[in-house]
Amino acid sequence: MAEDLRRDKGSGSIKELAPNKYIVRYKGFSISKGLNTKAKAVTALKQLVNDVDNGILTKEEIKESQKDFEGLTVGEWLDLWLRDYAALTLDDSSYDNYERNIRIHLKPRIGSILLTELTAVDIQNLYSHLHNALGLEGSTILKIKHPLSGAIKQALLLPQFKEIMKSDPFIGTKVPKTKPPEIRVMSIEEQSLFMDACKGHRLEAFFLFALATGMRKGELLALEWKDIDFEKMQVNISKSVSRKKGAKDVKSSLKVGNPKTYKSKRNIPLLSTIVPILEDHRKRQEKEISIAGSAWNQKQIVFCSTVGSYIEPRRLKDHIENVTEAAGIEHITVHALRHTFVCRCLEKNVSIKAISEILGHKDVETTLKYYAHLIGTTQQDQISRISDIFEQKDVIAEETKYRQIFHPKNHRKRVEMPTR
């Protein structure tokens, strides 16, 4: 039975095809000739990596790689591409998403098709299955498409692939339309009920801080006390916590990494009204530290477990459900607190540019994409500011008439003034 001898991401792979028969692959290139021991395969892989990275491939290496490509399936290429190309640039969260979509959606449907025989029909049938059979929306299908698209684009750049497949199988395919995301926002009344229901809850400060800053869930959970500057009244956001499975991981675990985008590393203002809430929270935390003793984690996490470690993000769902139930309002997610923050900002006429910067979006367009409908709800109030211009209708009408009478084009002839 063929054995796939996994290696570190970005370092190529060695596969035992049969007893005393190996093949090594790296970035779409492969060698199998004469590799009858693992030791020879390891040496050959090192040479292949060097030749590929330095652009000194021999004709024999290219020819053998082309032959290997002819028998390579979509599933095999997706695995190779993920390990040798994508893993070098993806963060753990994105890698985890790519690996999961390849394993769950792509390989079961098109993984057995030869890479050189993949067609637009195959890809469109995949989209149809995801949309019609599984009921997935266009936005989700786009995420599933990303690793497949990246793998195909990379293959088309390789010389051994160009010789045997010259067309892009994505040409002519179309992902189902994406519906605008449904965003749940609390009304002012609901927010008041929610805040009242938070009182006394262990995560009261977490929920209120989320409403006051618009921070993402992972950013909130990664926050340390040193990130809050009470003198400058600002919060430094530089990291995020999430459950991820990296390239070398057997199972997922809580990891601290960079925020969602490069613009997500930011400083945001701290409201003076939230400071007393944080102070009470810290006093409560100091009591927990004394109870936990040596079991307490020393990372100085602001919103942490009862032993000072990171809170499992999935557990927040139960906590917020308890609060909304106590408040007697419709269920919301933690992310809805971010949406509610935006809505309150818009109601107070905070500029969309300032909101975008506080949220850590990569650009204003991203903010508009998600919140354009909320901006629409305040348009009536905003446009009413100019209504007084049209209240003095008689004055405006007289002024218009005056301008028409005395316009230069109406006075080409000299007008005689009446004598007294």
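**Close-up views of a predicted model**

View 1. Residues are numbered from 1 along each chain as its sequence is written, and side-chain values use heavy atoms, with hydrogens and water left out. Strand S2 (residues 13-18) and S3 run antiparallel and are joined by 5 bridges; here two strands pair if DSSP finds at least two bridges between them, and helices (H or I, at least four residues) and strands (E, at least two) are DSSP runs numbered from the N terminus. The hairpin of S2 and S3 has 2 residues between the strands, and in it Asn20 takes a positive phi near 60°. S3 also pairs with strand S4 (residues 29-31), in the antiparallel sense and over 3 bridges, with Ile31 in S4 as the bridge partner of Val24. Because 5 of the 6 residues of strand S3 (residues 21-26) are buried, this strand is largely enclosed by the rest of the structure; buried means under 20% relative accessible area, exposed over 50%, and partly exposed in between (1.4 Å probe, protein chains only).

**View 2. The open sheet S5-S6-S9.** This open sheet has 3 strands in the order S5-S6-S9, and the pairing is antiparallel. Strand S5 (228-229) and strand S9 (266-269) are the edge strands, each of which pairs on one side only. Strand S6 (residues 234-237) runs antiparallel to S9 and is joined to S9 by 4 bridges, and Ile237 has Arg266 in S9 as its bridge partner.

**View 3. Ser242 and its surroundings.** Ser242 belongs to strand S7 (residues 240-244). When neighbours within four places in sequence are left aside, Ser242 is in contact with Ser253, Leu254 and Lys255, where contact means heavy atoms within 4.5 Å. Between Ser242 and Ala222, which lie 20 residues apart along the chain, the C-alpha atoms are separated by 9.0 Å.

View 4. A cavity is a set of points, on a 1 Å grid over the protein atoms alone, where a 1.4 Å probe fits but cannot get out, and lining residues have an atom within 4 Å of a point; grid points are joined across faces, edges and corners, and a volume is the space filled by probe spheres set on the points. The lining consists of Arg202, His281, Arg284, Gln285, Glu288, Val302 and Cys304, which divide into 2 nonpolar, 2 polar and 3 charged residues. In this division Ala, Val, Leu, Ile, Met, Phe, Trp, Tyr, Cys and Pro count as nonpolar, Asp, Glu, Lys and Arg as charged, and the others, Gly among them, as polar.

View 5. A search of the whole structure finds 0 disulfides, a disulfide being a pair of cysteine sulfur atoms within 2.5 Å. Cys343 is in no disulfide, and the nearest cysteine sulfur, that of Cys345, is 9.3 Å away. Cys343 counts as buried at 9% relative accessibility, and Cys304 is also buried, with a relative accessible area of 3%.

Definitions and conventions:
Predicted model: local features only at pLDDT ≥ 70, side-chain atom pairs only at ≥ 80, totals over all residues. 1 Å grid on protein atoms, 1.4 Å probe; cavity = no way out; pocket = protein on both sides within 12 Å on 5 of 7 lines; lining within 4 Å.
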